[in-house]
Amino acid sequence: MSTAPTATQTLPTPRPAGGEAPAQEPLTPLHQPLLHESGLKHTSGEARYVDDLPAPAGMLLCHVITSPHAHARLTRRDATKARAVPGVHAIYFAEDVPGLNDVGPVIHDEPLFATHEVLFMGQSIGVVVAETYDACRAAAKLVELDFEPLPAITTIDQAIAQNMWLSEPHVMRRGDADAELWKSDVKLEGEVRTGGQDHFYLETQATLALPEEDGSLRLLCSTQHPSEVQAIVSHVLHVGRHLVTVEVPRMGGGFGGKETQAAPFAAMAALAARNLRRPVKIWLNRDQDMAQTGKRHPFLTRYQAGFSKTGELKALKLETYSDGGFSNDLSRAILDRALFHSDNTYFVPALFFTGRVAKTHLPSNTAFRGFGGPQGMAVIETIMSRAAEVLQLEPAEVRRRNFYSEAPRNVTPYYQEVRHDRMPRLWDELLKSSDYFARKAAIETFNQGQKHAKRGLAITPVKFGISFTTSFLNQAGALVVLYADGTVQLNHGGTEMGQGLHTKMLAICAHELGISPRDVRAMNTATDKVPNTSATAASSGTDLNGAAVKVACETLRERLKPVAARLLGVPAASTSDILFAGGKVFLQSRPELALPFAQVTQAAYLAQVSMSATGFYKTPDIHYDKAAGRGKPFHYFAYGAAVSEVELSGLTGEHRLRRVDILHDVGASLVPTIDRGQVEGGFIQGVGWLTCEEVLFDDKGYLLTHSPDTYKIPAFGDAPADFRVSLLEGAPQPDVIHGSKAVGEPPLMLALSVVAALRHAVAAFGKPGAHVDLKMPCTPEALLTAVDLVRSA
């Protein structure tokens, strides 16, 4: 049983003799606002990223030699002239790799360096290692490469037509979808396409490789998955993992783009550093990063949906395809999660879902915040909007009528029961707090009086499953080091990329030991402190690592209790009465006998008590049978809803977000300030994906949107003028660290409310019930086309 204080307790302070009782101080930093542990360093420039670290003596630099073709045979390579460039120390190709020339994270289908065939424009063929970037670039231009161009597949449609696949179909079914479709009052058919999205992290891919003794290496790497980088580097170099240490100082953003795709660049730097016995850094500029790395997967889904006259969904058939690029990367798992989230918050009585990953000659697409969930939800939300338009019903009511509810309407398409369903309560609270219906009536009046500008309002829900769907990844470790002066170094397997994970871990550690977060230092994540870690991904960083930190701290507390009992002069059997809080150790029954925490740790050191401890956690009961399409892939679900109001110009297709109201379920928030920031940032990133961020390749596989001048992420002016974010209160989640819930990914999908609001505004330009054909992303061009179509209908 835990003897750390609860969030509602306060420290019983002894009453001074002859005086009044002093004010009580809070016992715990949990469930309280906290500054981001690096927030001030971020704003002052003190925070150091890989490329900010002082250059070690003799450091060399890397430049990747890339393919100018999307698909071609590589018939000749000659680096003789390039190697003669002053300052060049080496140029490496596939034959120089001592181990496995492959960096595929799951399936070995992604060569580190291409050999006889190139499969996308920008694929690595080799790497130049030199003293300056100028020398690197000059040498790269002198490498002679001969190719025989081959036909390139650059779209999902082409891949489907040519039967090019990276996976077998994944199928989920329930009931007889065809029969129920035939019996439905209203049948809808169509397709939904969602585009790619560049991660556009502020810090591009970077690794500094440092040779150490005995042929070992330390890699300072901007990665979400240090253990995977360690594993891939070790097999590329053909050495044991014990000779490769990966350390993550911090990342300037990740969003999934550094889960697998940091490894190839780290391997190049490691290869050079081990061969040359000198420090080697690789860093990509923005154009290189955008051209050489994968993005969010574009999806194509063809659907058939059947509804009753009153808007109840009766049957749904989905045929889903994703663009995996040239190799698997994590595409299979991403497609799985897209199918898992094709229901969103809605019960589907009869269904047939199938999905498959298409192969194209483009960079291998990869993890991105939501990991397929946004693409799946975009389909069902489009269907719900369209049903409301066709039936001329209030969209909020159509959505509500299809929510999960009591059995038997509480089972997902993959046969997991929906428990602790927050959506009905959340929906009602947000409709009321946002004044939805009164505002919608006012918008209808506004639209009637305007010819060239229309407003739209919509509310959409989110239900997002939390866990790695690959079950063995749901594990984490921690190492907590306690010093004799009562201060702590905290190591855990999660990585900090600005999301506030370290801040939450500091709060958990401080809470469990009863001390201030100021006395705890979060150390750089490193594979020599916590081994065999999972990626900081799937929104599970706090759930997994926080639980491991808690276990480690509980071990230390139990070791300190006998020491405290002796100092307090009570029997060892009284340790269950000992509490740690407010920097003190005291008896719950006699709080006036309080000792400074540092006094207890000093005594423990003198008593030869071990003062470091590891913690480990694994999520229970996660499983999925892909062949059967059944299982329990998620530990729980996170919920949210958003009401968005837009104004659209019918002359230019431009729009602005007038107001957004969000109510999001984070359980019992560990650090509300961090969670609120994640909700705001996730929503805006979703707005970017759905409205302005458009990834474009030409038919030869050349990336047209390879820098900020052609690729538009949201700016300050794209944020809503009135942005109201609230966290659902009184909703702790059982069996999760201190009742909290994951928050990293779910808020991104709240941005689907903006698309639904834009559909409302577009429809206002036409007759009631007009078909709205709005493409995503909803750029001005797409919106103007949609307006023209409804006007002409």
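Start with α6: its buried residues pack against β10 (217–221), β11 (244–248), α7 (263–276) and β20 (525–526). Buried means under 20% relative accessible area, exposed over 50%, and partly exposed in between (1.4 Å probe, protein chains only). Helices (H or I, at least four residues) and strands (E, at least two) are DSSP runs, numbered from the N terminus.

Some ground rules before moving on. This is a predicted model, in which local features need pLDDT of at least 70 and side-chain atom pairs count only at pLDDT 80 or more, while totals for chains, interfaces and linings use all residues. Residues are numbered from 1 along each chain as its sequence is written, and side-chain values use heavy atoms, with hydrogens and water left out.

## Stop 1

Select residues 226–237. This is α6, a helix of 12 residues. From first C-alpha to last it reaches 16 Å, close to the 16 Å expected at 1.5 Å a residue. The expected span is 1.5 Å times one less than the number of residues. Of the 12 residues, 11 are buried. Among them are Pro226, Val229, Ile232, Val233 and Leu237. An α-helix has 3.6 residues a turn, so residues three or four places apart point the same way.

Step one residue past the end of α6. Histidine 238 follows the helix, and its phi is positive, near 60 degrees.

Now select α7. This helix has 14 residues and reaches 20 Å from its first C-alpha to its last, close to the 20 Å expected at 1.5 Å a residue. It too is mostly covered, with 11 of 14 residues buried. The buried set includes Phe265, Met268 and Leu271, along with alanines such as Ala266 and Ala267.

## Stop 1: positive phi

What follows α7? Arginine 277 does. Its place is in the loop between α7 and β12 (280–283). Arginine 277 is partly exposed, with a relative accessible area of 40%.

Jump to aspartate 435. It is found in the loop between α12 and α13 (436–448). Phi of aspartate 435 is also near 55 degrees, and positive in a residue other than glycine. Its relative accessible area is 43%, so aspartate 435 counts as partly exposed.

## Stop 2: two cis bonds

Most residues other than glycine have a negative phi, and most peptide bonds are trans. Select alanine 407 and proline 408. A cis peptide bond joins them, with omega about 10 degrees. Proline 408 lies in the loop between α11 (395–401) and α12 (423–433).

Go on to methionine 776 and proline 777. They are joined by a cis peptide bond, with omega about 0 degrees. Proline 777 sits in the loop between α18 (752–763) and α19 (780–792).

## Stop 3: one glutamate, one serine

Select glutamate 381. It lies in helix α10 (residues 373–391). Is glutamate 381 buried or exposed? At 3% relative accessibility, it counts as buried. Show its contacts, where contact means heavy atoms within 4.5 Å. Leaving aside neighbours within four places in sequence, glutamate 381 touches Asn344, Tyr346, Arg399, Thr460, Pro461 and Leu752.

Next, select serine 576. It is in the loop between α15 (541–568) and β21 (578–581). Serine 576 is exposed, because its relative accessible area is 59%.

## Last stop: the whole protein

Zoom out. The protein has 19 helices and 29 strands. Along its principal axes the C-alpha trace spans about 85 × 75 × 50 Å. The radius of gyration is 28 Å, which agrees with the value near 28 Å for a compact globule of 793 residues. That radius is taken over C-alpha atoms, and the globule rule is 2.2 Å times the number of residues to the power 0.38.

Colour by burial. Buried residues make up 60% of the 793. Among contacts with a separation of 6 or more, 80% come from residues 24 or more positions apart.
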